[in-house]
Every structure is written in structure tokens, then in C-alpha cells.
Amino acid sequence: MIEIENLTKKYKNLTALDNISLTIKSGELFAYLGPNGAGKTTTIRILTGLTKLTSGCARLNGFDIVHDELSAKRQYGLVPQSINLDRELSVYENLYIHGRLYHMSTKPLKKKIQELLNYVELSERRNTLVKKLSGGMKRRVMIACALVHSPVILFLDEPTVGLDPGMRRKVWALIKNIQQAGALIFLTTHYIEEAEFLAQRVAFIDEGKIVTVDTPENLIKQQGEWAIDRIVDGMMETVYFDSREDADNYNSCMDERFTFRKVNLEDSFLALTGKKVK
Amino acid sequence: MIRGFWAIYLREMMILRRRLLRQIPSWAVSPTLFLIAFGYAMGRDMTVDRHTYMEFLVPGLAAMSSMTQAFAISSEINIARFYWHIFEKFQAAPISSTAYVLGEVLAGMTRALLAVLVILILGFAFGVNLSYNFFFWAAILLNSFIFASLAVGLAMLVKSHSDQAMLNSFIITPMGFLGGTFFPLAMLPDWAQNLLYYLPLTHAAKAARASAFGSTPQLTSYIILLAIGAIFFIMSIKCVKMAKD
Ligand SMILES: Nc1ncnc2c1ncn2[C@@H]1O[C@H](COP(=O)(O)OP(=O)(O)O)[C@@H](O)[C@H]1O
Ligand SMILES: [Mg+2]
């Protein structure tokens with residue numbers, strides 16, 4: 001469980017996080033959706049003890065991240081936004097060191113590494129140096145590293161940035177799988193489809209503030225179900241409809257170019273913040 | 001409180017093992033040049049304190065190397081931190097700052113010891129055979145402890161790689177030349193001697209040389225080295241704690 005109360009982070013005169021409060025239940029797959037610079041990474045960095053908070057507090061499974069730092073740190077695994085693997089070491093060595101950092105003893109650690117390598121489909125690469133891996137493989141090694149000590153909370157900061165669509169699907173499947181095994185997953189993303197496809201609940205974050213928190217279905221429903229995009233005087237205009245029938249009636253009396261599509265999270269983000277995620 | 005230091009140490013050793021074949025020649029190059037230029041060519045007929053200049057030089061080079069090689073972990077840590085984001089992995093792990101510093105300092109000391117070993121073997125090849133006893137190694141170890149601790153602390157404060165290079169050219173290199181490596185400090189004017197008395201390398205070189213020559217080194221040298229090392233070690237723990245934005 002993650003509890004965040006009135007969390008604020010200021011960098012000199014910039015307020016990166018503005019009085020954020022959130023509760024995420026154990027086992028939940030929670031997505032934090034917002035454009036670049038919204039404060040997603042800052043939130044994760046504070047919860048994982050990499051950045052100091054300015055005010056407020058947070059607990060991971062009941063352990064205060066400031067006053068009970070080392071216990072709080074045992075609760076989670078972290079897959080940061082930028083690759084943090086040792087390039088000169090092998091996949092196996094990276095995992096091994098990671099396990100030792102979490103005080104695991106050799107025997108269970110070795111077993112766990114083998115298990116995880118199978119899980120992320122990198123068994124054949126166990127002795128390959130990390131610098132020789134592709135981006136998608138590095139991502140999966142990082143996920144494996146984060147899981148070595150069997151944490152109950154997993155933080156994923158933009159886990160599919162820079163991956164091709166095939167690899168993105170693969171990572172998504174992996175994330176769903178980890179959640180089904182019982183972990184709470186806190187994921188940040190600026191990809192609409194990622195939040196829609198994975199999350200049970202989504203928080204919209206913009207300029208350091210949480211705009212809303214709800215299930216993707218509810219957020220979408222607020223706008224309607226169907227949307228028609230059309231260009232009017234060189235500007236894109238979108239009209240929303242609650243039913244397919246209404247939309248059909250509307251578009252039958254149109255002659256200019258238009259796109260007929262389902263409403264997505266981008267529409268509700270736009271409606272609530274006045275801007276697009278990307 | 002120091003739980004987890006072994007993981008930090010182990011990681012450095014795994015990296016060192018991969019690099020060892022490149023590392024050993026790099027440890028040997030400049031000492032070989034100094035031995036040839038100063039020991040063999042220029043200092044051939046020179047004696048210092050009833051020893052050949054070559055014999056004078058080897059323990060000094062050992063002390064200097066234990067300093068430079070222990071300090072060299074500073075730029076490694078810096079690169080791992082700013083280019084590869086490895087430091088964040090340690091920050092997120094349930095280990096204390098003390099455990100982190102201890103692991104890195106031990107790695108720096110190991111590196112320094114290996115580099116000193118290379119020099120002694122080189123010296124041996126040039127016909128220098130001194131007494132490398134307990135007191136010699138104690139001076140070398142303490143010296144590397146000091147500079148490895150300093151290295152970790154500065155790596156936390158320094159923000160870029162070019163600042164790191166500045167530290168080397170303004171602190172480490174001058175100290176290497178002035179700390180009693182190449183000439184007896186007694187040759188300098190009093191005021192300079194008094195000034196150099198405060199450099200740890202001066203004491204390390206003096207103690208290592210005295211031990212290698214078979215005489216008893218001064219206990220005060222060891223006490224001073226230990227005290228400086230302890231101060232740097234504690235300061236670098238503080239620096240690691242502060243290294244959060
Ligand atoms: N170390 C820092 N110093 C100053 N400003 C920072 C620092 N880290 C992040 N910021 C600022 O905080 C805001 C939020 O950044 P971040 O959390 O990285 O956004 P996101 O991950 O959502 O893209 C941005 O305006 C960013 O420029
Ligand atoms: Mg980010």
C-alpha cells in the first residue's frame with residue numbers, strides 16, 4: 001500500500017509537486033499519466049528516497065519514507081526512467097549484485113536469478129555483457145533486477161520509452177503478469193494507450209498537481225463514448241457522443257473530412273487540463 | 001549499519017577483474033618511466049641516506065601510487081553516477097551511507113595495493129630489494145585509506161567530469177611530487193618543510209621508506225595518517241548523505 005499525504009517538492013522557485021495526496025491499495029495497477037515535466041519522475045524519486053521532499057509525508061506499506069527509510073526501501077523494486085545497469089558486467093552479475101544489495105544470501109539468490117531470467121526470457125543472455133544488449137533487453141534486465149528481492153511494490157518510470165511496438169507489448173504483458181502475481185504497480189507514462197491498456201486506476205498529473213484520479217472507464221465515460229474529429233478553418237475540432245447512433249446522425253450531415261473514433265484518455269485529459277498529454 | 005558494504009565492494013571487484021589486463025600495464029607505465037629517468041639515468045651515482053637513489057625512489061613511488069590509485073576511484077564513481085546512474089541504485093537500496101562508503105573505500109584500497117605490488121615487482125626488476133614488512137604495508141594501507149575516503153567524498157560534491165580532472169591536476173599531482181616521493185624534504189627550506197608536514201603523503205612516504213630501509217618508523221606518522229583517514233571517512237559519509245536533490 002502507498003499512502004501519500006500533502007506531498008510538496010520545491011526546487012528553488014519551481015514547485016515540481018504541489019500538495020499531492022494519494023492512496024494506492026495493495027495489488028493495484030496504478031498509472032500516473034501526464035506530459036513531460038509534469039512531476040511524474042519527481043514523485044517516484046521522492047517515494048524511493050532518491051530526492052528529498054519539501055513537505056508532507058508518505059508511507060510504503062506503513063513505513064514512513066523519511067523516518068523509517070531503510071524499512072521503506074525494502075518494500076519496493078524500482079525501474080527508473082534511465083538505464084542504470086553496469087555496462088561492463090554481465091546480465092547475471094548485474095542481478096547478483098542487486099540481490100546482494102538487498103541482503104539476499106547466495107543460494108536463494110542464484111535460484112531467484114535463474115527464475116527471473118526465464119521469466120523475462122533472457123536465459124541465453126545470462127553471461128552477455130549489458131553493453132551488448134538491445135534497449136528492450138536492457139529494460140527487461142532492469143525489471144528483473146527490480147524483482148530480485150520479491151518486492152510487493154514495483155515502481156516503473158516510463159517503462160516503455162524508446163521501445164518498438166512489439167517490445168512494448170511484451171513489456172506490457174510482463175507488467176500485467178507481475179501484477180497478477182500480487183504486486184502493487186505504480187507506473188508513470190505519457191502514453192495514453194499504456195495507461196488505458198494496463199491501469200486499473202489512473203491519476204492525471206499536470207504541472208505538479210493531481211487533476212483527477214479514477215478508473216480509465218469512468219474518465220472516458222465523462223466525455224462520451226464516440227468522438228468525431230474534423231478540421232474547421234484549419235483547426236481540429238472534436239465532438240463527443242454518448243452513443244454510436246448520435247454520432248452516425250451527426251456525421252451523416254457532414255461533407256468535409258473527418259475521423260470517427262472511440263473516446264480515449266487523451267480526450268478526458270484535454271477536457272480537464274486544456275492540453276494534450278503529448 | 002554496514003550491512004551491504006560487501007555488495008558494493010564485490011561490484012567494484014567484478015569490474016576490476018574485467019579490466020585487470022588493461023589496468024596492470026597502466027599501473028606500470030609511469031613508475032617505469034620514473035625509475036628509468038630518475039633512478040637509472042640521472043640518479044645512478046647518487047646516494048641518499050646511505051642508499052642508492054633507486055632504493056630511495058621505490059618506496060616513495062609506492063606511497064605515491066597508493067595515493068593516486070586510491071584517489072582514482074573518484075572519477076570512476078563520478079562516471080558511474082552521472083553517466084550510468086548506478087549511484088541511484090545504491091541510494092534506492094536498503095543500505096546505509098556508511099556501508100556504501102566502506103565498500104567503495106575498500107575497493108579503492110584494493111586497487112591501490114595491487115598498484116603498489118606492481119611497483120615493487122618493477123623495483124625488483126631494477127634490482128631494488130628492500131624490506132617490505134608490516135610497517136611498510138601499514139603505511140601504504142593507511143595512505144590508501146585516506147585518499148580513497150577523500151575520493152568518495154569529493155565524488156559526491158563534484159558535479160562534472162571536468163571538475164574531477166581539476167582536482168587531479170591541482171591537488172593530487174602536486175602532492176605526488178612534493179610529498180617526499182622524489183627527494184628528501186630536508187633539502188627544502190624550513191618554511192616549505194613545515195608546510196609539507198601537513199600533507200598525509202609526506203608521512204606515508206617517510207614511514208614507508210623508513211620501514212623498507214629496515215629502521216623503525218615514527219609512531220606519530222601512523223597516528224597522523226589514521227586520524228586524517230578517520231576524518232575523511234566520516235566526512236565522506238556526510239557527503240553521501242547529502243547527495244540527494
Ligand atoms: N534536480 C532538479 N532541479 C531542478 N528542477 C528539477 C529537477 N528535477 C526535476 N526538475 C523539474 O521538476 C519538474 C518535474 O520534473 P519531472 O518529475 O522529471 O517530470 P516528468 O517525469 O513528469 O517528465 C520539471 O519542471 C523539471 O524541470
Ligand atoms: Mg520523467
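Modeller: Helix 9 of chain B crosses helix 10 of chain B in a left-handed way. Bear in mind that this is a predicted model.

Biologist: Which residues of helix 9 and helix 10 of chain B make the contact?
Modeller: Helix 9 of chain B puts in B:Pro200, B:His203, B:Ala204, B:Lys206, B:Ala207 and B:Ser211. From helix 10 of chain B come B:Ser221, B:Tyr222, B:Ile224, B:Leu225 and B:Ile228. By class that contact has seven nonpolar, three polar and one charged residues.

Biologist: At what angle do helix 9 and helix 10 of chain B pack?
Modeller: About 140°, with the axes 9 Å apart. Angles over 145 degrees would count as roughly antiparallel, so helix 9 and helix 10 of chain B are oblique to each other.

Biologist: Switching to chain A. How are helix 3 and helix 5 of chain A oriented to each other?
Modeller: They pack at about 25°, with their axes 9 Å apart. The limit for roughly parallel is under 35 degrees, so helix 3 and helix 5 of chain A are roughly parallel. Their crossing is right-handed.

Biologist: And which residues make the contact there?
Modeller: A:Val91, A:Asn94, A:Leu95 and A:His98 of helix 3 of chain A meet A:Val141, A:Ala144 and A:Cys145 of helix 5 of chain A. Five are nonpolar, two polar and none charged.

Biologist: OK, pockets. How much space lies in the largest pocket?
Modeller: About 470 Å³. Its lining has 23 residues, with B:Asp49, B:Ala205, B:Lys206, B:Arg209 and B:Ala210 nearest the centre.

Biologist: Which helix gives the most to that lining?
Modeller: Helix 9 of chain B, with seven residues. Overall the lining has ten nonpolar, nine polar and four charged residues.

Technical notes
Residues are numbered from 1 along each chain as its sequence is written. Chains are lettered from A and ligands numbered from 1 in the order in which they are written. This is a predicted model: local features need pLDDT of at least 70, side-chain atom pairs count only at pLDDT 80 or more; totals for chains, interfaces and linings use all residues. Side-chain values use heavy atoms; hydrogens and water are left out. On a 1 Å grid over the protein atoms alone, a cavity is a set of points where a 1.4 Å probe fits but cannot get out, and a pocket is an open set with protein on both sides within 12 Å along at least five of seven lines; lining residues have an atom within 4 Å of a point. Grid points are joined across faces, edges and corners, and a volume is the space filled by probe spheres set on the points. Helices (H or I, at least four residues) and strands (E, at least two) are DSSP runs, numbered from the N terminus. Ala, Val, Leu, Ile, Met, Phe, Trp, Tyr, Cys and Pro count as nonpolar, Asp, Glu, Lys and Arg as charged, and the others, Gly among them, as polar. Axes are lines fitted to C-alpha atoms, for helices over the stretch in contact, and angles run from 0 to 180 degrees between N-to-C directions. Angles under 35 degrees count as roughly parallel, over 145 as roughly antiparallel, 65 to 115 as roughly perpendicular and the rest as oblique. A crossing is left-handed if the near helix is turned anticlockwise from the far one by less than a right angle, and right-handed if clockwise. Contact means heavy atoms within 4.5 Å.
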